[in-house]
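Here is a short briefing on one protein model. Look over the sequence and the structure first, then read the points below.

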Amino acid sequence: MASKFQSRLVGTIILVAIGVIFLPDLFDGKKQHYQEQFASIPLQPEITDEVEYETIPAPEFAEVDLPPEPVTVVIDEPQPEQQVEVTAAAIEAANQPLKVEPQPVTEPKVGNQDSAWVVQLGVFRNFDNANQLVERLRKAGYQAHVFPKQPQPGDLARVVVGPDVSKQKLSGDIKKLEELTGLKGRLVRFNPLNP
């Protein structure tokens with residue numbers, strides 16, 4: 001035989017289960033079921049007689065008389081004070097192709113006087129430090145730049161002064177730049193395609 005406690009526990013569980021299952025239905029009252037209503041889209045739109053159509057006007061034809069022979073030279077009527085005389089030799093000379101003599105191709109000079117130079121002061125990992133150095137150099141009157149202009153992750157910033165075509169002038173500026181910045185610069189050739 002089961003104990004009283006077990007009997008009471010089983011009875012309580014049965015009553016709670018009946019209450020959970022049937023009481024919500026009893027208290028809800030009449031249930032309302034919602035169903036979405038779909039409007040069907042017609043495959044072909046309905047055509048009514050009220051549609052207005054614009055009429056396209058008929059093309060206009062102008063009567064034009066063409067000359068019996070093809071026109072080869074057209075000359076405006078000359079002004080009374082100007083007399084224009086067209087000869088067959090002048091027409092033939094105008095129809096001749098123009099002769100152009102080709103110019104000899106010269107190789108670009110690679111000497112020191114034709115190339116530009118820059119003083120590279122340093123390569124920095126921190127672009128903020130490089131930009132601060134460039135601002136200090138510009139305030140001192142130097143033409144300074146940071147390359148690359150738009151850095152990508154992992155790029156290094158190069159600070160250069162120049163470019164200038166005078167190698168001697170930049171060589172003389174290296175000592176002044178060293179006193180101003182504390183960095184030893186080196187003179188390098190400037191490549192405008194890949195600064």
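The model is predicted. By this count the protein has 4 helices and 4 strands.

**Overall layout**
- Along the sequence, the elements come in the pattern α-α-β-α-β-β-α-β.
- The protein has 195 residues, and 16% of them are buried.
- Its accessible surface is about 18,500 Å², and carbon and sulfur atoms hold 56% of that.
- Among contacts with a separation of 6 or more, 64% link residues 24 or more positions apart.

**The largest nonpolar core**
- In soluble globular proteins, nonpolar side chains tend to be buried together.
- The largest nonpolar core here has 17 residues.
- Val-119, Leu-121, Leu-137, Val-146, Val-159, Val-161 and Leu-177 touch the most other members.
- At least two core residues come from each of β1 (117-124), α3 (127-139), β2 (144-147), β3 and α4 (167-181).
- Helix α3 gives the most, with 5 residues.
- Which residues does Leu-121 touch, leaving out those up to four places away in sequence? They are Leu-137, Val-159, Val-161, Leu-177, Leu-183, Lys-184 and Gly-185.

**Rings and a charge**
- How many aromatic pairs does a search of the whole structure find? The search finds 0.
- Lys-167 lies over the face of Trp-117, 4.4 Å from the ring centre.

**A cis peptide bond**
- Gly-162 and Pro-163 are joined by a cis peptide bond, with omega about 10°.
- Pro-163 is part of strand β3, which covers residues 157-164.

Notes. Residues numbered from 1 in each chain as written. Predicted model: local features only at pLDDT ≥ 70, side-chain atom pairs only at ≥ 80, totals over all residues. Heavy atoms only, no water. Phe/Tyr/Trp six-rings, centres within 6.5 Å; stacked < 30°, edge-to-face > 60°. Lys NZ or Arg CZ within 6 Å of the ring centre and 35° of its normal. Buried < 20%, exposed > 50% of the residue type's maximum accessible area, 1.4 Å probe, protein only. Contact = heavy atoms within 4.5 Å. Areas by Shrake-Rupley, 256 points an atom, 1.4 Å probe, with all protein chains shown as cover. Core = buried A, V, L, I, M, F, W, Y, C linked by side-chain atoms within 4.5 Å.
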